[in-house]
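Work through the exercises below with the sequence and the 3D view at hand. Try each task before reading its solution.

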Amino acid sequence: MRCVCPTAALRRQTPCMLSERYELYFAVVFFCFQQFLKLLKSMTSCSVVPKPPVRRVAIFGGTHGNELSGIFLVKYWQENGAEIQRAGMEVKPFITNPRAVEKCTRYIDCDLNRVFDPDNLGQTVVEDIPYEVRRAQEINHIFGPKGSDDAYDLIFDLHNTTANMGGTLILENSRDDFTIQMCHYIKNALAPERVPVLLIEHPNLKYATTRSVAKHPVGVEVGPQPQGVVRADILDKMRKIVKHGLDFVHLFNEGKEFPPCTIEVYKIMEKVDYPRNKNDEVIAIIHPNLQDQDWQPLNNGDPLFLTLDGEVIAYKGDCTAYPTFINEAAYYEKKQAFVKTIKMELTAGHIRSSAVA
């Protein structure tokens, strides 16, 4: 048996034979690469979560009758609605607490933004029922029922705060990919201006907000602005947030896909009261070092309160907190000096409208 050297055998192959082998090799590689791309595309397509289109949107102003930016904007949009209309969706501007708006007061009988719970919404209407409870039932009838398929898809609820919170978005559900994606879009649209996101989801702190009637509730809290006053810069900031929010909804309805995203949020942990005496009277005020420092880190030993005789009351905590709603005027009656939050991240999946094939 004669041994044939492989190198010698290769040398005996003609250039034509070598060319054919290389062509076959590259054809096989190219085919495998195409199959890989198809598989990758299929996997990516499967990861997109179809979401129902958002066709009915409401913009609430006047939930609190002395927070004037939202009231001015909603009244303007009721007469001049072209600015907020988008193709393929209904946008309804609505004054939620007209009696309080007329008197320029936060509420008439009780806080409208705290009575959208089952007990109040299901309460029998009698003559002495609080005005805001009756109004909550009317709003739930128009825009709800809360928790049902017939409820409005999205509600922007416009608020002002006396605290130095800037243009803040408020979320109620850490698992709502649609509103997380919306916040991500608004934050990018307004960059480099800061748009904090407050997550009020908490097992022991129940808000029962006006906007919670909708499938996707979004609060817009802009300050600082005194009660009963309109500031042009604060109104403009609120207006831009709403504009970009509506733009996002329009793009979503038109079929634009939004890939996975992550946003930084401030999750509510605790409401902190002022120091009080045995008669339940406030005996210390917000320390100057804390005043207007919403969203700034608060560490163990940092000053919180200052008594009138000069005593400093410091923060005692094991981890860094981020206070907000600092010295909010409306929260004195609620025994709340500020809200303590922690910083965390929320991630939303890849979404697109299910109405688009």
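This is a predicted model: local features need pLDDT of at least 70, side-chain atom pairs count only at pLDDT 80 or more; totals for chains, interfaces and linings use all residues.

Residues are numbered from 1 along each chain as its sequence is written, and side-chain values use heavy atoms, with hydrogens and water left out.

**Exercise 1.** Describe the sheet that contains β9, β10 and β11.

Solution. 

Step 1. Strands here are DSSP runs (E, at least two residues), numbered from the N terminus, and two of them pair if DSSP finds at least two bridges between them.

Step 2. The sheet is open and has three strands in the order β9-β10-β11, paired antiparallel. β9 (284-286) and β11 (312-314) are at the edges with a single partner strand each, so one side of each lacks a neighbour in the sheet. From one strand to the next, the twist averages 35°.

Step 3. β9 pairs with β10 (residues 303-307) over three bridges, and isoleucine 285 stands opposite leucine 306 of β10. β10 also pairs with β11 over three bridges, where leucine 306 is opposite valine 312.

Step 4. The hairpin of β10 and β11 has four residues between the strands, and glycine 310 in this hairpin takes a positive phi near 95°.

Step 5. Buried means under 20% relative accessible area (1.4 Å probe, protein chains only). Four of the five residues of β10 are buried, so β10 is largely enclosed by the rest of the structure.

**Exercise 2.** Describe how helices α7 and α8 cross.

Solution. 

Step 1. Helices are DSSP runs of H or I with at least four residues. Axes are lines fitted to C-alpha atoms over the stretch in contact, and angles run from 0 to 180 degrees between N-to-C directions.

Step 2. The axes of α7 (residues 177-190) and α8 (residues 232-253) come within 9 Å and cross at roughly 125°.

Step 3. Contact means heavy atoms within 4.5 Å. Among the residues that make the contact are Phe178 and Tyr185 of α7, and His244 and Phe248 of α8.

Technical notes
Buried means under 20% relative accessible area, exposed over 50%, partly exposed in between (1.4 Å probe, protein chains only).
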